Each structure stands twice: as C-alpha cells, then as structure tokens.
Amino acid sequence: MITVLGSVNLDQIGTVTRLPAPGETVAGGTFSVAQGGKGANQALAARRAGAAVRMVGAVGEDAFAEVALRLLTSDGVDLSDVARVPGATGIAMIFVDEKGENVIAILPGANAAVDEAAAMRALGAMARGDILLLQQEIPQPATARALALARQSGVVSILNTAPFLPDTAALAEEADIVIANETEFALLMGKAGGQGDAGDLDSQMEAWANRTGRTIIVTLGGEGARSFGPDGRLVAAALPITPLDTVGAGDTFCGYLAAGLDAGLTLKDAMARATIAASLACLKPGAQPAIPYAGELAASIGSR
Ligand code: RIB
Ligand code: NA
C-alpha cells in the first residue's frame with residue numbers, strides 16, 4: 001500500500017512556438033487543460049503501475065476540483081483523505097515550446113492548506129513497511145512531520161526534491177530514499193554536502209549517501225537514472241525516444257519506483273521499470289494523461 005501526501009493541480013497549458021520573454025507578447029499556439037500536480041501525478045503513476053494507492057491532500061471548493069481529480073478517480077486511487085477547503089484548487093500555468101522546453105508557475109491554492117494534521121492523518125492509517133511518497137508542493141511543515149512519523153512507525157519514506165525549496169536539503173536527510181534531478185542534486189550538495197565538492201556525479205552521490213546513510217537516486221532525462229546507497233551503485237537506461245512533452249516524466253519515475261518497491265522488486269529492477277515508464281510519459285502531451293499503464297511498459301520492452 002502506497003500513500004502519497006502531496007499536491008493536486010489542474011494544469012493550464014499553452015503550447016507555443018516560442019516561450020515569451022518577460023514583457024513580451026507571443027501570439028499563436030494552442031491551449032489545453034490536463035490533470036497535474038506532483039503529488040497527484042505520482043499517485044496516478046503508482047496506481048497505473050499496479051499498486052493500491054491512497055492520496056492525502058486538498059482541493060478547493062471550485063469547479064476545477066472535480067476535473068483535477070478525474071483521472072485519479074477513474075483509475076481507482078483512494079481519495080477519501082483529499083480535503084475540500086475554501087478557495088481555489090491548485091493551478092499550474094505551463095508553457096511548452098516546439099522543442100519541448102517548458103516554463104511553469106504554480107499557484108498553490110488549496111495545496112497551501114495541507115498541514116501537519118494532514119500528515120498525521122496520512123501516517124495514522126499506515127503500517128510498518130508501507131510506502132510514503134512525498135514531493136515539495138505542499139507546506140514543508142507537513143512534509144517534515146510526515147517524515148518524522150514515518151521514521152517512528154517503520155514506514156518507508158521516499159522524498160522527491162522537486163520543486164526545490166529552502167528546507168529541502170534538510171528534509172532529504174530524513175527520508176529513506178531521495179529522488180532528485182541533476183539540478184536538484186547540485187542544490188542538495190550545495191546546501192548540505194559542503195561547497196566545492198570535487199569529482200563527478202557518482203562520487204558526489206556516494207559522498208551524500210555515505211554522509212546521510214540514505215539512498216540517493218538522480219534522474220538524468222535521456223541518460224536514465226543512477227543511484228547510490230546500501231545497494232551500492234545502480235544504473236538504469238532510458239528508452240531511446242524523441243521527447244514530445246517532458247512535463248510529468250519525473251513524477252512518473254517516482255510513482256513507478258514506489259510501486260515497484262511496494263510489489264517487492266529490488267531497487268535495481270524498480271529503477272529499470274521507472275526509467276522506462278518515464279521515457280514513455282514523454283511521448284504524449286500533459287502530465288497525467290501521458291502516464292503509461294504497466295501493460296504499455298511490457299509492450300515497449302517486448303518490442304525493443
Ligand atoms: O511535475 C509536473 C507538475 O508540476 C505539473 O503537473 C504541474 O502541476 C506542476 O506542479
Ligand atoms: Na508528458
């Protein structure tokens with residue numbers, strides 16, 4: 001059983017030929033709406049990977065709430081602990097250009113109401129060995145409380161460092177497994193590992209893991225993912241694809257990784273599946289609509 005404590009957003013997406021610069025107006029392109037939010041995306045990815053998933057978070061009392069939860073509902077994520085709070089549902093304003101490059105602004109709305117009480121609700125229903133999956137789109141006190149409770153109760157905690165916030169480096173040291181992209185890992189090292197670390201990515205990952213006693217996974221886009229921890233050094237390869245829209249790929253990785261571990265896979269095998277799922281998520285527009293089902297992974301692996 002996986003519990004995700006995190007954000008729910010409705011993504012407002014402008015697909016444009018070129019990203020506007022500050023003060024600039026760019027005309028042309030198309031508009032679409034897709035279900036998003038790092039917490040919700042990861043919950044859906046874990047569910048589509050085959051896990052039983054419960055989401056803890058909040059949406060607003062507006063018309064966007066139902067739309068934002070639509071795919072989580074239809075795919076069978078347990079939403080009984082998603083609160084309805086006064087105000088707006090979380091919104092992400094996203095522009096994607098022809099090269100797949102994107103800029104995102106998040107207007108947290110109801111996600112800002114996810115507090116330590118929500119963390120207690122999340123952990124209250126969890127048992128030793130269950131998996132807790134966290135990101136950085138809810139207030140950090142909720143995440144901190146959840147990590148502390150997870151440690152006390154033997155729950156396995158996985159923390160995704162996106163988007164990187166001031167306390168993220170400290171929080172990462174309290175999680176069992178940390179998932180960062182390259183930029184976030186550099187911030188993790190800068191804030192917590194001492195400045196000016198010499199050496200390549202592998203040696204820096206090893207240094208962080210040895211200092212904290214945790215497992216670090218760094219996702220590398222088209223280069224796959226690498227990890228270091230008690231299982232030693234692991235490497236997973238991405239599929240050779242041409243990305244159309246990378247929004248939600250990192251979330252797909254996190255959800256699939258959690259689901260793999262929940263199903264009893266080794267970290268190496270869970271990483272291999274998560275990396276392939278993330279590659280597939282880059283082939284369709286939107287965050288949640290692009291998340292593959294486990295069966296689609298099998299097909300793509302079979303045809304390689
Ligand atoms: O990680 C992708 C997500 O980040 C989008 O779905 C958007 O909601 C933003 O939060
Ligand atoms: Na996508």
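A cis peptide bond, with omega at about -15 degrees, joins A162 to P163. For background, most peptide bonds are trans.

A word on the model itself: it is predicted, with local features needing pLDDT of at least 70 and side-chain atom pairs counting only at pLDDT 80 or more, while totals for chains, interfaces and linings use all residues. Residues are numbered from 1 along each chain as its sequence is written, and side-chain values use heavy atoms, leaving out hydrogens and water.

Now turn to ligand 1. Its surroundings (residues with a heavy atom within 4 Å) are N9, D11, G36, G37, K38, N41, A92, I106, E137, G248, D251 and A287. Sorted by class, this shell holds 3 nonpolar, 5 polar and 4 charged residues, where Ala, Val, Leu, Ile, Met, Phe, Trp, Tyr, Cys and Pro count as nonpolar, Asp, Glu, Lys and Arg as charged, and the others, Gly among them, as polar. Oxygen atoms of ligand 1 meet polar side-chain atoms of D251 at 2.7 Å, of N41 at 3.0 Å and of N9 at 3.1 Å; a polar contact is a pair of N or O atoms within 3.5 Å. Strand 2 (9-15) and helix 1 (38-48) are the elements that each give two or more residues to the shell.

Finally, visit the sodium ion (ligand 2). Which residues coordinate the sodium ion? The donors are O atoms of D245, V247, A281, K284 and G286, at 2.7 to 3.0 Å, with donors defined as N, O and S atoms within 2.8 Å of the metal (3.2 Å for Na, K and Ca). V247, in the loop between strand 13 (232-236) and helix 9 (249-262), is 39 residues from G286, in the loop between helix 10 (267-281) and helix 11 (294-302).

Technical notes
Chains lettered and ligands numbered in written order. Polar contact = N/O pair within 3.5 Å; in protein donor to acceptor, adjacent residues only side chain to side chain. Helix = DSSP H or I, 4+ residues; strand = E, 2+ residues; numbered from the N terminus.
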